[in-house]
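Welcome! Take a moment to turn the model around on your screen, and then we can walk through it together.

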Amino acid sequence: MSNESSLSVITTLCKRRGFIFHSSEIYGGMPGFFDYGPLGCEMKRNIKEDWWKTTVRNREDVEGLDATIIMHPDIWKASGHLDTFSDPMTMCKACKKLMRADQIWDIFADSDAGQSLQKVLDESNGEAGKIVAWCKGKAKGQTPNLPAVLNADVLTAAYEKLNADAASYADLKSLYTLFFNAKNSEQKISPCPHCGGELTEPRPFNLMFKTVVGPIDDEKNTAYLRPETAQAIFAQFLNVLATSRQSVPFGIAQIGKSFRNEVTPRNYTFRSREFEQMELEFFIRPDEAVELIYGKVTTLADNPDLTTPEDAWGWEVWHRYWVTQRKGWVASCGLPVDSFVESVHEGDDLAHYARACVDLEYRFPFGVQELEGIAARSDFDLSQHQKHSGKSMEVFDEPLKLACKKMDDAAKSAFMDKVVADWTACGKDEAVARAFVARLFEGRYIPHVIEPSAGVDRMMLALLCNAYDEQKLVDSKGKEDTRLVMHFQPRIAPIKVAVFPLVKNKPEIYNKAREVFEHLRRRYAAFWDQSGAIGRRYRRQDEIGTPWCVTVDFDTMEDGTMTVRDRDSMEQKRMTLDELKVMMDEALLV
Ligand code: ATP
């Protein structure tokens, strides 16, 4: 698909076919919480399994971790989440709704009021009379607390401003703001996107869910549901290093639940309050250590081949390598390369400790939005944990120690001077630079890290949106029909193969088909369907994206072959069970 298809088509299909349900639906649901139904949980497992295989099992330099959701609260102090993991929140004084201050315009654009005002803008040709007529009509029901709706003077002032300078109010934001502020030339306050009322000053709202550990509910026993899986990796860094026979560069990966008390969960599962993340922390040498060992640091300017990691790579190349790896995985799951884009964080968008961050953004039906981020986080996280826990997070690097042993005093002093000059030129402390280099000469440093961080739920939503297709078909008699088909990548499809007996009332065919089904389901997620015409059974599988349907018929009794129908091409081929398994194994290999 078909980003044009609206999100509601996807949500309807997900509910109807058992991919995703609202949590606690029989009690009215809970915003931001979703349950994955029979097909959804299979699909989600496939995404996680694929990520795990690609990121951990198929590599020799990444180890896995499965840590607890609730961890020592000091972890969140060290990581900065307790102090700064917040979104700006505002409340409407009239309707009392809470919302993220930075999402007001997205909320308004999606609302009935926003859409009706946009229509007026599109159709009015800048005529002030036609535009203000909205305040006397639709706006009364849709944004009843907007000053231009409540107060004739404000409406008149808005009319005059529009009449004098329609071009300044030609977009939704300026126009809606004018209807709030027309009588007040100083302030430019944004109105509530829900009702047009006045909003409070934004204030930071911490997104972590609090809980209490043990029977006594007091400050001392407060803990938090993790807002990301990454911090457990840093907290267990030393244990994994000590037990895994890895050395830097290497990574630690984790998949698991994360929780954020999002102020305004939106766009279906895209922004949920409980979700799953797939995160990798890939630890690398600081560039200075690379230089001491290899005499140079490979940068992007050297145009390195990014397919196979090399010892002399600096952080910039490692970061680009992981962006490339992640894009490769996203594409291999079935998202066409032109459906997602790289967005580079710059200036204020870049966290103060990060050297670079690239988001992979997908063209969702509701706009181009983040699927995952790949950040070069320097040694910030491990340094913070060293500072707060009092435990050294340094590694000992034998090749570094050996390289430094070979250097004479003059070479060491020249190296020290160069690092000090570089660091102080970017405003860093000279004493810190000197201490860092002195530790390097002893073969020790705190590793730097590249962090590819992906959301399972967002990836699944993107794959659902991408797979959706309504095909117009004409049968041999010229009759038109629409086929709803989900073009999932076979590895991601919740059901891999469906088995049908051509007829259910012929015991030999039925029994043979059961035998084939029992055999296949030991290897693959398989589905049995014996009811209705074969064409209808195909359609039911198309809707859930089953790549292959197998029909056992009279010929199977003769020559052992079955009809294997391909979901996308709808082509049918005769194959034996062994041939089918070879074909499927090939297609499902990660
Ligand atoms: P956003 O800017 O969209 O809030 P973020 O930059 O805060 O996302 P990260 O903290 O980098 O996100 O988290 C890594 C990944 O976790 C995101 O790319 C996304 O896939 C997923 N993720 C984060 N927050 C949510 C959420 N509320 N619901 C679903 N997935 C999420």
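Among contacts between residues at least 6 apart in sequence, what percentage join residues at least 24 apart? In this predicted model, the share is 65%.

Let's start with the whole chain. There are 590 residues, and 49% of them are buried. The chain has 24 helices and 23 strands, and its C-alpha atoms fill a box of roughly 90 × 80 × 55 Å along the principal axes.

Now look inside. The largest nonpolar core has 62 residues, and helix α20 (residues 456-467) gives the largest share of this core, nine residues. Phe19, Ile20, Ile47, Leu335, Phe364, Met459 and Leu464 have the most contacts inside the largest core.

| Core | Residues in the core | Some members |
|---|---|---|
| Largest nonpolar core | 62 residues | Phe19, Ile20, Leu464 |

Next, find the second largest pocket, which holds about 690 Å³ of space. Of its 25 lining residues, Asp379, Phe380, Ser383, Trp423 and Val432 are the closest to the centre.

Which helix supplies the largest share of this pocket's lining? That is α16, with five residues. Helix α16 (380-389), α19 (430-441) and β15 (444-445) each supply at least two lining residues. Seen by domain, at least three lining residues come from each of domain 1 (7-80 + 216-394 + 448-459) and domain 3 (398-442). By class, the lining is made of 10 nonpolar, six polar and nine charged residues.

Conventions:
Residues are numbered from 1 along each chain as its sequence is written. This is a predicted model: local features need pLDDT of at least 70, side-chain atom pairs count only at pLDDT 80 or more; totals for chains, interfaces and linings use all residues. Side-chain values use heavy atoms; hydrogens and water are left out. On a 1 Å grid over the protein atoms alone, a cavity is a set of points where a 1.4 Å probe fits but cannot get out, and a pocket is an open set with protein on both sides within 12 Å along at least five of seven lines; lining residues have an atom within 4 Å of a point. Grid points are joined across faces, edges and corners, and a volume is the space filled by probe spheres set on the points. Helices (H or I, at least four residues) and strands (E, at least two) are DSSP runs, numbered from the N terminus. Ala, Val, Leu, Ile, Met, Phe, Trp, Tyr, Cys and Pro count as nonpolar, Asp, Glu, Lys and Arg as charged, and the others, Gly among them, as polar. Domain bounds come from an automatic or database domain assignment. A nonpolar core is a set of buried Ala, Val, Leu, Ile, Met, Phe, Trp, Tyr and Cys residues joined through side-chain atoms within 4.5 Å. Buried means under 20% relative accessible area, exposed over 50%, partly exposed in between (1.4 Å probe, protein chains only). Contact means heavy atoms within 4.5 Å.
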